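Visitor: I would like to go through some labels and hear what stands behind each. Please show the sequence and the structure.

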Amino acid sequence: MNKTKVDVIIPVYHPGKEFEKIIDRLEKQIYKVDHIILLHTRDGQSLENLKQKYNNIVIVEIEPEEFDHAATRDKGIRISGADIVICMTCLLYTSDAADD
């Protein structure tokens, strides 16, 4: 039986210092996600360190004027090839990951 593929879509704009903790917790989930797709509104910050740290990060850069809550998530969903797509914000923590 094939594993159901799950991707997480996260629009990102000015991620705070806690953002990497969100990614860390996603990586520790009981059910592993295939890709974490970050729709990053260009703001001068780089997310390349996450791409180097995790092999399942996909970064899609968008211009600030392109951002729209629904359309941005739709873009991420269209990029994903997963069976299940979870849309999050860059402010949420997962509950079943081990505390640091």
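Visitor: What makes arginine 78 and aspartate 74 a salt bridge?

Guide: The term requires a side-chain nitrogen of Lys or Arg within 4 Å of a carboxyl oxygen of Asp or Glu. In this predicted model, the closest N and O atoms of arginine 78 and aspartate 74 are 2.7 Å apart, so the pair meets the definition. Residues are numbered from 1 along each chain as its sequence is written, and side-chain values use heavy atoms, with hydrogens and water left out. Local features need pLDDT of at least 70, side-chain atom pairs count only at pLDDT 80 or more, and totals for chains, interfaces and linings use all residues.

Visitor: Why are the two separated by about one helical turn?

Guide: Because they are four residues apart in helix H3 (residues 69–79); helices are DSSP runs of H or I, at least four residues, numbered from the N terminus. An α-helix has 3.6 residues a turn, so residues three or four places apart point the same way.

Visitor: Why is arginine 78 called exposed?

Guide: Exposed means over 50% relative accessible area, buried under 20%, partly exposed in between (1.4 Å probe, protein chains only). Arginine 78 has 65%, so it counts as exposed. Aspartate 74, at 33%, therefore counts as partly exposed.

Visitor: Which residues do salt bridges with shared partners join into one network?

Guide: Glu20, Asp24 and Lys53.

Visitor: How do you know that lysine 53 and glutamate 20 tie together separate parts of the sequence?

Guide: Their side chains meet at 2.9 Å, N to O. Lysine 53 lies in helix H2 and glutamate 20 in helix H1, so the pair ties together parts 33 residues apart in sequence.
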